[in-house]
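Student: I should like to learn how to read a protein model, one feature at a time. May we begin with the whole and then turn to its parts?

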Amino acid sequence: MMPNEKALLVGVDIGGTKIAIGLVDNSGNIKNHIRTPMIANGGPEAGLQAVVAAIDQVFRDQPEARETIGGIGICAPGPLDPRTGVILNPPNLPCWRNFPLAQKIEEIYNVPVSVENDASAAALAEVYWGSGNGYGHVFYSGIGTGIGTGIVMNRRIYNGRTGAAPEGGHMSIDYKGPPCGCGKPGCIEILAAGPAIGRRARAKLAAGKKSTMLDLADGNSDQVTSEIVAKAFAAGDALAREVLVETIDLLALWLSNIVDLIEPDAIVVGGGASAMLSPLFDEMKNRMVGYSIIKRSSEIPILRAHYGAESGIAGGAALCWQK
Ligand SMILES: [Zn+2]
């Protein structure tokens, strides 16, 4: 059932420590954005009540919305089953094990409820309302603490046989690379997400290279994070730039694999690290085209995501339209 054209949708973004919620109109504009704590360590009912309390708060702020909402869309960390709306066993949400979240929320609010992985939902929101608008097939990558990925094909989420795909952040680009948390060697996530950017900078400083990053970390190279790399890069620091150019080269190789596999119409990059990396997107694209075997890969734009910290709210709402 498609929501009414004018109906507001509720987008819910559940993380390990917080819940972000907003009302989203049919153009993807977010209203009444609130953030509340998530209770992830208090058992299944406490976790559910944290979500319900957050949704109720949005309705208290906007009482007429409760009667007219067209659906509730929820993104959460995986693994989860988007087909049944069951949260399986996410490490960040110990409160829920095989928990039928969509069904529970549906029983309370009596509207259609969808549940999806955050990157897949964010990808869909970009295609409906964001940087991916106008493109049918889009590869989305959220680069932050980790690397989340989403694939939209023909304006619908592609998530594989059981809804567990795409785990693009755990594609290896180096058989002899460092072990990733998932157990595989050389995943792009362990090589190029935020923590890897900080690690690469610290290694260069430890080798005696000069940089303003050291001043920004009060002289202690152990304190250099990806945020410090971002600040130094924005201020023109050469070593910070070197760190980021190495990072985008790895990302370019990874993206060329993805282009060679699915040849999307566009690539959209979001997540906390996208702002710092975006000045290097042209360079990343040149390198990606150089690696790709597909002749016309130069026609595939690499775009910065429209939604930033609100991508989960927009993504949740987008799920309601797909349903
Ligand atoms: Zn991995």
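**Reading the model**

Tutor: Let us begin with the overall dimensions. With 323 residues, a compact globule would have a radius of gyration near 20 Å, and the protein agrees because its own value is 20 Å. The radius of gyration is taken over C-alpha atoms, and the globule rule is 2.2 Å times the number of residues to the power 0.38. Along the principal axes, the C-alpha atoms fill a box of roughly 60 × 45 × 35 Å. Please note that this is a predicted model, in which local features need pLDDT of at least 70 and side-chain atom pairs count only at pLDDT 80 or more, while totals for chains, interfaces and linings use all residues. Residues are numbered from 1 along each chain as its sequence is written, and side-chain values use heavy atoms, with hydrogens and water left out.

Student: How many helices and strands does the protein have?

Tutor: Helices (H or I, at least four residues) and strands (E, at least two) are DSSP runs, numbered from the N terminus. The protein has twelve helices and twelve strands.

Student: What percentage of the 323 residues count as buried?

Tutor: Buried means under 20% relative accessible area, exposed means over 50%, and partly exposed lies in between, with a 1.4 Å probe and protein chains only. By that rule, 53% of the 323 residues are buried. Among contacts between residues at least 6 apart in sequence, 62% join residues at least 24 apart.

Student: How should I check the length of a helix?

Tutor: The expected span is 1.5 Å times one less than the number of residues. Helix 1 (residues 43-61) has 19 residues and should span 27 Å; its end C-alpha atoms are 28 Å apart, which agrees.

Student: Which elements do the buried residues of helix 1 pack against?

Tutor: The buried residues of helix 1 include Gly47, Leu48, Val52 and Phe59. The partners of its buried residues are strand 1 (9-14), strand 2 (18-24), strand 3 (30-37), helix 2 (65-68), strand 4 (71-76) and helix 3 (101-109). Helix 4 is largely enclosed by the rest of the structure, because eleven of its twelve residues are buried. Among them are Ala119, Leu124, Glu126 and Trp129.

Student: Which residues coordinate the zinc ion?

Tutor: Donors are N, O and S atoms within 2.8 Å of the metal (3.2 Å for Na, K and Ca); water is not among the atoms, so sites may look incomplete. Here the zinc ion is coordinated by His170 (ND1), Cys180 (SG), Cys182 (SG) and Cys187 (SG), at 2.0 to 2.3 Å. The spacing of these donor residues in sequence is H-x9-C-x1-C-x4-C. Cys180 and Cys187 are both buried.

Student: Why is the arrangement around the zinc ion called tetrahedral?

Tutor: Four donors count as tetrahedral if all angles lie between 85 and 135 degrees; four count as square planar and six as octahedral if opposite donors are over 155 degrees apart and all others between 65 and 115; anything else is irregular. The four donor atoms around the zinc ion subtend angles of 104 to 121°, which makes the arrangement tetrahedral.

Student: Is Ile188 buried or exposed?

Tutor: Ile188, in helix 5 (residues 188-192), is buried, with a relative accessible area of 0%. Not counting residues up to four places away in sequence, Ile188 touches several residues, including Ile147, Met171, Leu250 and Trp254. Leu244, in helix 9 (residues 238-262), is buried as well, at 0% relative accessibility. With that sequence limit, the residues that Leu244 touches include Ile197, Phe233 and Met276.

Student: What should I look for in the backbone?

Tutor: The bond from Gly78 to Pro79 is cis, with omega near 0°, and Pro79 lies in the loop between strand 4 and strand 5 (80-81). The bond from Ala165 to Pro166 is also cis, with omega near 0°. As for phi, Asn32 has a positive value near 50° although the residue is not glycine; Asn32 is found in strand 3 and is partly exposed, with a relative accessible area of 24%. Asp218 has a positive phi near 55° and counts as exposed, at 75% relative accessibility.

How values were computed:
Contact means heavy atoms within 4.5 Å.
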